[in-house]
Amino acid sequence: MLAEIGEGVHSGSGRGRPRSEASQAAVLAATTELLKETSLRDLSIEAIARKAGVGKLTIYRWWPSKAYVALDAVMYSMRKNVVPPDTGSAERDFALHLRSVIRFYTGPVGRTFRQLLAEGQNDPEFGEVFLQRFLMPRREVIESIWKRGVDRGDIKSDLAMDTVLDLISGPMIFRLLTGHAPLSDAQADALIAGAFRGVGKEPARPTVKGKR
């Protein structure tokens, strides 16, 4: 798994020797711990190298900047802490998944998500990497929940999936960025319940037999 996370982060260079999995794990673990204490802005390659017990040049062979190291560390942590549910109910799966994502994004490591998003606005190359390596795989997770729901008959099949998924994820991202409203398990449940008033299939009404 470690090799998958770091592989090809900076696809344009093709530089560097095959990385040592042990050293990679040390760098990601060190970065994860540092991100619990400091912001992306204040994070430094020097601090990562010192905590991981590797040289700065070793890190630069694998990652072009601290933002890329932080991205891999957040991805690694999220894969361990956010496991997509499959309860047999699309509404329940979305609610549980949104709860889990909110807990991660508001936690000590996941809070870096907002800073990585901002970094992508200032650095278009990093922004594209962030989109393809982080955001799109997260999107695929909720797409799989959606498709299971359609297959099971929980969700109307004639709806535009991308639009509805934006409506489901959008409020969470907006609240993360602005802080104008709370994010909690209760809020996650309320957001999903509201969405499913429009996307969920209504149960069939029993047929009332007429009198003879």
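Me: Is Thr31 buried or exposed?

Reply: Burial is judged by relative accessible area: buried means under 20%, exposed means over 50%, and partly exposed lies in between, using a 1.4 Å probe and protein chains only. Thr31 has a relative accessible area of 0%, so Thr31 is buried. This is a predicted model, in which local features need pLDDT of at least 70 and side-chain atom pairs count only at pLDDT 80 or more, while totals for chains, interfaces and linings use all residues. Residues are numbered from 1 along each chain as its sequence is written, and side-chain values use heavy atoms, with hydrogens and water left out.

Me: Where does Thr31 lie, and which residues does Thr31 touch?

Reply: Helices are DSSP runs (H or I, at least four residues), as are strands (E, at least two), numbered from the N terminus. Thr31 belongs to helix α2, residues 21–35. Contact means heavy atoms within 4.5 Å. Not counting residues up to four places away in sequence, Thr31 touches Leu43, Ile48, Val69, Ala70 and Ala73.

Me: How is the packing of two helices described?

Reply: One gives the angle between their axes and the distance between the axes. The axes are lines fitted to C-alpha atoms, for helices over the stretch in contact, and angles run from 0 to 180 degrees between N-to-C directions. Here helix α6 (residues 90–105) packs against helix α10 (residues 185–199) at about 145°, the axes being 9 Å apart. Phe94, Leu98 and Ile102 are among the α6 residues in this contact, and Leu191, Ile192 and Phe196 among those of α10.

Me: Which residues form a salt bridge with Asp86?

Reply: A salt bridge is a side-chain nitrogen of Lys or Arg within 4 Å of a carboxyl oxygen of Asp or Glu. Asp86 pairs with Arg148 (3.5 Å, N to O). Asp86 also forms a salt bridge with Arg152, the closest N and O atoms being 3.5 Å apart. Because Asp86 lies in the loop between α5 and α6 and Arg152 in helix α8, this pair ties together parts 66 residues apart in sequence. Salt bridges that share partners join Asp86, Asp93, Arg148, Arg152 and Asp154 into one network.

Me: How accessible are Asp86, Arg148, Arg152 and Asp93?

Reply: Asp86 is exposed at 53% relative accessibility. Arg148 is partly exposed at 24%, and Arg152 is partly exposed at 34%. Asp93, by contrast, is buried at 0%.
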